Amino acid sequence: GHGFQFINNFSGLMDYLRTKYGPIYTIINFGQRMHFITDYKSIRKIWTQPAFDFREFAFKAEANLSGIETPDELKASGVGSANLAKYAHTMRGDDHLESLATRFESALRDTVERIPILHNEAWNEVDLREFSGMVIFHAAGRSLFGPHWLEGVDIEEAARQYSIFEIDGPAIAGGLPKFLTQKGCRARDYLVKNVLLPVIKKGCDGGHSYIVDYISELKEAYRNDENGDFKIAARLTGLVFAINSNTMNMLFWVIARTVLADKSLSVDLVDECKKAAMSNPLSYLEQKRQMPLLNSVIIETFRLHGDPNSFRVVEEDCVVSGLAGGKDVAFRKGDSVFLLSTYDQLQDMTGDKDAFDGRRWIQHTSNKDINKALLPIPSNQVLAPFGGGKHLCPGRFFALLEMHVVVAFCIQHYEFKILEKESLPPKHVELSAPINQPNRRMKISVRYKP
């Protein structure tokens, strides 16, 4: 009987069940046994268990998102999102990150040049979600897929269609009934036909080696299929969702929060980002360390708008002992396990925990002993937006690079003003959206600063 709440008020349902049953509970939903682990020590223990895996769900999610093949057909191809981790080495390490940062910054500049509203020096009223979508969808795609990305396509329309798809993406991936995701599926079909298929046909020359190699594998797998290019385009929708969604939502919330914050925060952020850029650091990583206030703002945004969930499927019947409260918990083969670290996330703090304080973490982000970390927080704090264990997100370094680079770019090159009577959208938690999706429009004024 929890299906309606699961879809429409997931956060409220989790709070209710956790209050009633404690940090570990099980429900039957949509005919599926679902376990929820909300204690971080227990989550870390589950991550180490060999009976819990992600690969089978990854094939199902990719099949659902593509809307064209079954999980068994995807597995038969021998290529898929379930084994993308083998490319992780191309998106970490100082040299790779420097190359990615250079590509992404170049793509951002090209994005501004190609989209009229993004280089308009007069004040314009825009929907913040659409603004974030145009910036990220063009720049991230171009930096990875190469110069044919959105070539000859109405960029603003493509970004709008992606935003529609992105809203329904988690529900589509989870296999929810199609009558609940009709808009998202139509938008996905538009993207496949008008955005992804042309890239597959023209080729990814100039794209990142990770994308080029992955598409080459798919091309080989479908070399004897007359509809191969279309199937490859459809299968890439899941990858496009992963590349864009969280960065788009992070940019939205950072702008929304800072435009509503004390004016001094925005002034200090602009000053810090300009000084870091003018210092001409030798590397992206060094520039990042010169922006402790920006890093603090991003961590604070994670705290208030990040609800990370890592997912596992039980591969064999088992009992895991010593979970929260000393519990022994039985899991059956085929059960779904959701690991929600939100409740332990960034809890040890001073000040009003319900308020946004962009400077809250600056003592840590300024600390040279820890600011080289992926996320510079002290060891006693919990922040796990990329999961853990053997299925730790392989693209986590690129995801954070995207977030830092695009937020710093927008802070330097745009002015933002809140419109009268506009307010922050309420928090809306989605099971498969580590960064909350805004559930309504937010109008702002924006102008470009060359």
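Because the model is predicted, local features are reported only at pLDDT of at least 70 and side-chain atom pairs only at pLDDT 80 or more, while totals for chains, interfaces and linings use all residues. Residues are numbered from 1 along each chain as its sequence is written, and side-chain values use heavy atoms, with hydrogens and water left out.

Helices (H or I, at least four residues) and strands (E, at least two) are DSSP runs, numbered from the N terminus. Two strands pair if DSSP finds at least two bridges between them. Five strands form an open sheet. Their order is β1-β2-β8-β5-β3, and the pairing is mixed. Strands β1 and β3 (52-53) stand at the edges. Each has a single partner strand, so one side of each is left without a neighbour in the sheet.

Strand β1 (residues 24-29) runs antiparallel to strand β2 (residues 32-37), and six bridges join the two. Residue I24 has I37 of β2 as its bridge partner. The two strands form a hairpin, with two residues between them. In the turn, F30 has a positive phi of about 50°. Strand β2 also runs parallel to strand β8 (residues 336-340), joined by four bridges. Here I37 has L339 of β8 as its bridge partner. Strand β5 (residues 309-314) pairs with β8 in the antiparallel sense over five bridges. In that pairing, V313 stands opposite S336 of β8.

Helix α3 (residues 40-47) lies across β1, β2, β3, β5 and β8. Its direction is at about 135° to β8. Axes are lines fitted to C-alpha atoms, for helices over the stretch in contact, and angles run from 0 to 180 degrees between N-to-C directions. Contact means heavy atoms within 4.5 Å.

Three further helices were compared with their expected span, which is 1.5 Å times one less than the number of residues. Helix α4 (residues 55-66) has twelve residues. Its first and last C-alpha atoms are 17 Å apart, close to the 16 Å expected. Its buried residues (under 20% relative accessible area; exposed is over 50%, partly exposed in between; 1.4 Å probe, protein chains only) are A58, F59, A61, E62, A63, L65 and S66. These residues pack against several helices, including α5 (71-77), α8 (155-173) and α12 (237-260). Just after α4, G67 takes a positive phi of about 70°.

Helix α15 (residues 292-305) has 14 residues. It reaches 20 Å from its first C-alpha to its last, close to the 20 Å expected. In α15, 14 of the 14 residues are buried, so this helix is largely enclosed by the rest of the structure. Helix α17 (residues 396-413) has 18 residues and should span 26 Å. Its end C-alpha atoms are 26 Å apart, which agrees. Of its 18 residues, 17 are buried, so α17 is also largely enclosed by the rest of the structure.

Residue N124 is in strand β4 (residues 124-127). It counts as buried, at 18% relative accessibility. N124 lies 323 residues from R447 in sequence, yet the two are 6.3 Å apart in space, C-alpha to C-alpha. Not counting residues up to four places away in sequence, N124 touches I117, I444, S445 and V446. A polar contact is a pair of N or O atoms within 3.5 Å; within protein, one must be able to donate a hydrogen and the other to accept it, and residues adjacent in sequence count only if both atoms are side-chain atoms.

Residue N249 is found in helix α12. It is buried, with a relative accessible area of 1%. Its side chain reaches the backbone oxygen of I435 at 3.3 Å. Beyond neighbours within four places in sequence, the contacts of N249 include R129, E166 and N436.

Residue Q5, in helix α1 (residues 3-8), is partly exposed, with a relative accessible area of 32%. Leaving aside neighbours within four places in sequence, Q5 is in contact with F10 and L13.

A search of the whole structure for disulfides (pairs of cysteine sulfur atoms within 2.5 Å) finds zero. Residue C204 is buried at 10% relative accessibility. Residue C318 is buried too, with a relative accessible area of 19%.
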